[in-house]
Each structure stands twice: as C-alpha cells, then as structure tokens.
Amino acid sequence: GVPETLMIPLAMRAAESRRSDAIIHDPTAERIVAAVDYDFDRFRGAWMTQADVAVRTEIIDELVRAQMARHPRLVVITLGAGLDGRFDRLDDGRVRWCDLDLPEVIELRRRFFAETDRRRFIPRSLLDFAWIDELDRRPDEHVLVVAEGVLHYFPESDIRQIGRAHV
C-alpha cells in the first residue's frame, strides 16, 4: 500500500552499506530491508542506481552537517522522507527534525522510527501546505528543507508552488 519508489533508495542504501568500501554506512536501512516483507532482490545488480543513491546521500548528508554546525538552532524538514534514516545518521543532540510524507508512508515509517521531542512525523502531501503550520517553528530557529529524490515526481507547476511556500 505504499509507493514502490520509496523502496528503491532504501534498498540501494542498504546494499551500499553492506559493501566493505561503502560510500555511506546506513545500518538503519539494512535493518529495515531485513524486516520488510518485500522482494528487494528485484533491485539486485542495479549498481548505477546504487552508486547514484550513495553519492547523493553522502553529498546531502555533508550539506546538512554543515548547516547543523553553522546553526545550532536548526530545524530540518525532509520532504518525501520515505524510509530515509538521515536523522539517525546525523543527529547531534540539538537539531529538530520533521519528516513529511504521505499518511501511508508515515504509518510504515512509524514501524521503524520513533518520534521524539526533536523528531516529528507529518503525514501530509507536500502540496497540502497545512504541514507548514504543524512545524511549530521557533523564532530563533533556522530552517533547512531537504527534498531528496522526490521533486522529479511532480510537474513543474507543483514544484513552483512548493518553492513559494513560506516555511
């Protein structure tokens, strides 16, 4: 009942994490792949996709780390979070994190990730801008929006709408 598109990057991060010369290490992805009843073998051998996901993940992780270092009062908003475990990889004990995705994806996400006082899940479409009101953003916080691998599923007019949203 969840989009297959969220399984591809999960499978690729887990496969990359198992390599001895891995670009990224994502034990959370490995744990989820082992626990989910899904035929991940269908992605076996997709080494170009695996490399793409690994490099993209590492680049974005580095960019997020840099913002966390620059802004101790940072809230990160992940649009189309899927089953990404970036918070687990990068948590510095201060950052606040909001993972936004469709309700059925957030329901699955809750099987593997826990909400805390610094980590929230928002079950909404990116185009349902009521999610902005749910952020509970504090005036002294900086905001970083991460949209990894999700915007290419939207037409340009929707992406422009998202870009005009005031977070």
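**Helix H1 and its surroundings**

Reply: The lining of the largest pocket draws at least two residues from each of three elements: H1, helix H3 (47–70) and strand S1 (74–79). Helices (H or I, at least four residues) and strands (E, at least two) are DSSP runs, numbered from the N terminus. The model is predicted, so local features need pLDDT of at least 70 and side-chain atom pairs pLDDT 80 or more, while totals for chains, interfaces and linings use all residues. Residues are numbered from 1 along each chain as its sequence is written, and side-chain values use heavy atoms, without hydrogens or water.

By class, 16 lining residues of the largest pocket are nonpolar, eight are polar and seven are charged. Here Asp, Glu, Lys and Arg count as charged, Ala, Val, Leu, Ile, Met, Phe, Trp, Tyr, Cys and Pro as nonpolar, and the others, Gly among them, as polar.

H1 also takes part in the second largest pocket, giving four residues, the largest share of that lining. The volume of this second pocket is about 170 Å³, a volume being the space filled by probe spheres set on the points. Of its 13 lining residues, those nearest the centre are Ala11, Ala15, Arg18, Phe40 and Arg44. The lining of the second largest pocket comprises eight nonpolar, two polar and three charged residues.

Finally, H1 (residues 7–17) meets helix H2 (residues 27–35): their axes (lines fitted to C-alpha atoms over the stretch in contact) come within 8 Å and cross at roughly 115°, on a scale from 0 to 180 degrees between N-to-C directions. The crossing is left-handed, the near helix being turned anticlockwise from the far one by less than a right angle. Leu10, Ala11, Arg13, Ala14 and Ser17 of H1 make the contact (heavy atoms within 4.5 Å) with Pro27, Ala29, Glu30, Ile32 and Val33 of H2. Of the residues in this contact, seven are nonpolar, one is polar and two are charged.

Key
On a 1 Å grid over the protein atoms alone, a cavity is a set of points where a 1.4 Å probe fits but cannot get out, and a pocket is an open set with protein on both sides within 12 Å along at least five of seven lines; lining residues have an atom within 4 Å of a point.
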